[in-house]
Amino acid sequence: METIQYNLPQDRIPRVWYNVLPDLPKPMAPPLHPGTHKPIGPDDLAPLFPMALILQEVSGEREIEIPEEVRQIYAQWRPSPLFRARRLEKALDTPAHIYYKYEGGSPAGSHKLNTAVAQAYYNKKEGTKHLATETGAGQWGSALSMACAFFGLDCKVFMVRVSYDQKPYRRALMEAFGAQVTASPSMETESGLGIAISEAVEVAAKDPNTKYALGSVLNHVLLHQTVIGQEAIEQMALAGDDPDVIIGCTGGGSNFAGLVMPYIGRKLKGKSSARVVAVEPSACPSLTKGRFTYDFGDTGHLTPLVKMHTLGSTFMPPGIHAGGLRYHGMAPLVSHVLDLGLAEAVTVQQLDAFAAGIQFARSEGIIPAPESNHAVATAISEALEAKQEGKARTILFNLSGHGHFDMQSYIAYQAGKLENYEYPAEEVAMALAGLPAFE
Ligand SMILES: Cc1ncc(COP(=O)(O)O)c(C=O)c1O
């Protein structure tokens with residue numbers, strides 16, 4: 001039989017999270033206080049996050065130990081499987097080898113649980129009673145709701161209005177885990193994640209027993225996701241293959257970073273020459289059309305200023321179905337790595353993403369989340385390019401979540417009701433004109 005899954009036993013769940021920062025040739029620009037524009041210190045963040053997470057945010061340690069209690073919960077779905085997409089390879093008639101790390105097998109349906117469990121753990125340990133957060137697609141809200149149920153924390157989720165209306169089952173899942181879910185903003189609008197973040201931050205800032213949890217963008221969130229790449233390195237060794245190209249979709253950058261940062265660490269040590277590709281939607285092109293500069297993380301300008309690829313915090317992304325990719329900025333760490341030339345970025349149109357998701361489902365049997373479809377589409381393009389060149393190519397991508405709660409978007413796609421969106425250059429320019437004026 002041909003091997004399809006390259007799996008690791010439970011005792012191979014990583015014991016540390018990998019922090020790429022000390023291995024990078026240049027440090028990141030520091031976050032700045034929104035009022036004074038001076039670098040912020042740990043105390044400035046203390047109203048929002050527990051100190052353990054703040055220290056991880058600025059840590060210079062290469063390896064950060066994963067608490068045993070967190071590893072024990074990880075064992076519910078980790079190590080996650082690495083699949084070789086042999087049926088897809090045959091369908092594409094490509095000489096390429098296609099591998100995917102599947103994070104959709106987590107009980108909440110995506111990679112988001114890797115950080116949700118860690119964040120709930122540290123909050124519980126430092127006495128937090130309630131966590132407030134936002135969710136775009138519903139995946140992050142589901143993950144945090146589940147993690148809060150495990151640690152006995154209350155969870156309040158501001159769910160972007162369009163998702164709240166389109167995905168009642170996601171909402172029901174969060175409520176089943178005990179979370180309180182509110183549409184954000186409360187009036188009928190299609191605003192993106194920026195406003196939901198402001199709402200959650202405001203709730204946390206006003207109550208000493210409430211902290212804020214973010215599902216992407218920040219260093220500590222990306223750090224927790226590095227279990228994905230560390231496992232993948234071992235699993236690719238089991239498969240006897242080494243990736244030539246590594247791909248992840250990017251909303252705030254966390255599933256991408258989780259897979260690629262351990263590989264970037266290897267690149268910097270001369271142990272890998274893989275290309276690293278971030279895939280974003282054409283409708284929200286922060287990496288490919290945004291500016292690398294200081295900006296606010298939210299629309300209400302309550303967060304610190306961070307240096308990132310951004311379309312401007314007032315940018316309103318079109319209502320594409322990959323809700324988790326509708327964020328105006330990008331993780332400062334991912335932006336920095338792109339700036340250093342250690343990664344590249346491409347865009348994929350909504351219709352191409354869904355076409356790829358359907359093709360993948362018909363070969364592999366898994367319906368990807370609309371966000372993950374962007375990575376699938378790029379993996380397929382790479383495989384077809386290899387076919388055209390008549391050369392082997394080993395492709396590894398992150399299948400960050402399943403799409404079982406996203407079937408409304410597949411219904412719309414199959415009915416021909418979805419459109420492509422290319423964000424017009426003039427509108428990007430207008431949103432960028434509103435950036436804070438300094439550097
Ligand atoms: C399945 C899935 N993949 C990817 C993303 C994008 O987020 P990130 O870039 O942080 O991985 C999301 C966000 O909600 C998601 O739900």
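Predicted model: local features only at pLDDT ≥ 70, side-chain atom pairs only at ≥ 80, totals over all residues.

Guide: Residues are numbered from 1 along each chain as its sequence is written, and side-chain values use heavy atoms, with hydrogens and water left out.

Visitor: Which residue has a side-chain N or O atom 2.5 Å from an oxygen atom of the ligand?
Guide: A polar contact here is a pair of N or O atoms within 3.5 Å; within protein, one must be able to donate a hydrogen and the other to accept it, and residues adjacent in sequence count only if both atoms are side-chain atoms. The side chain of Lys112 has an N or O atom 3.2 Å from a ligand oxygen, and a backbone N or O atom of Gly251 is 2.7 Å from a ligand oxygen. The side-chain atom at 2.5 Å from an oxygen of the ligand belongs to Ser216.

Visitor: How are the residues of the shell around the ligand divided by class?
Guide: The ligand has 18 residues around it, counted when a heavy atom lies within 4 Å of it, and α12 (254–268) and α16 (370–389) each give two or more of them. In the classes used, Ala, Val, Leu, Ile, Met, Phe, Trp, Tyr, Cys and Pro are nonpolar, Asp, Glu, Lys and Arg are charged, and the others, Gly among them, are polar. The shell therefore divides into three nonpolar, 13 polar and two charged residues.

Visitor: In which space does the ligand sit?
Guide: On a 1 Å grid over the protein atoms alone, a cavity is a set of points where a 1.4 Å probe fits but cannot get out, whereas a pocket is an open set with protein on both sides within 12 Å along at least five of seven lines; lining residues have an atom within 4 Å of a point. A molecule sits in such a space if more than half of its atoms lie within 2 Å of its grid points. By that criterion, the ligand sits in the largest cavity.

Visitor: What is the volume of the largest cavity?
Guide: The count comes to eight cavities of 30 Å³ or more. The largest is lined by 30 residues, with Lys112, Trp140, Ser216, Gly252 and Gly324 closest to its centre, and by class the lining has ten nonpolar, 17 polar and three charged residues. With grid points joined across faces, edges and corners, and volume taken as the space filled by probe spheres set on the points, the largest cavity holds about 350 Å³.

Visitor: Which helix gives the most to the lining of the second largest cavity?
Guide: This cavity has a volume of about 100 Å³, and its lining consists of eight nonpolar, five polar and no charged residues. Helices (H or I, at least four residues) and strands (E, at least two) are DSSP runs, numbered from the N terminus. With three residues, the helix that gives the most is α10 (residues 219–224).

Visitor: How many nonpolar residues are in the lining of the largest pocket?
Guide: The largest pocket has a volume of about 620 Å³, and Pro31, Glu57, Leu218, Asn219 and Val306 lie nearest its centre among the 33 lining residues. Six lining residues are polar and two are charged, and the number of nonpolar ones is 25.
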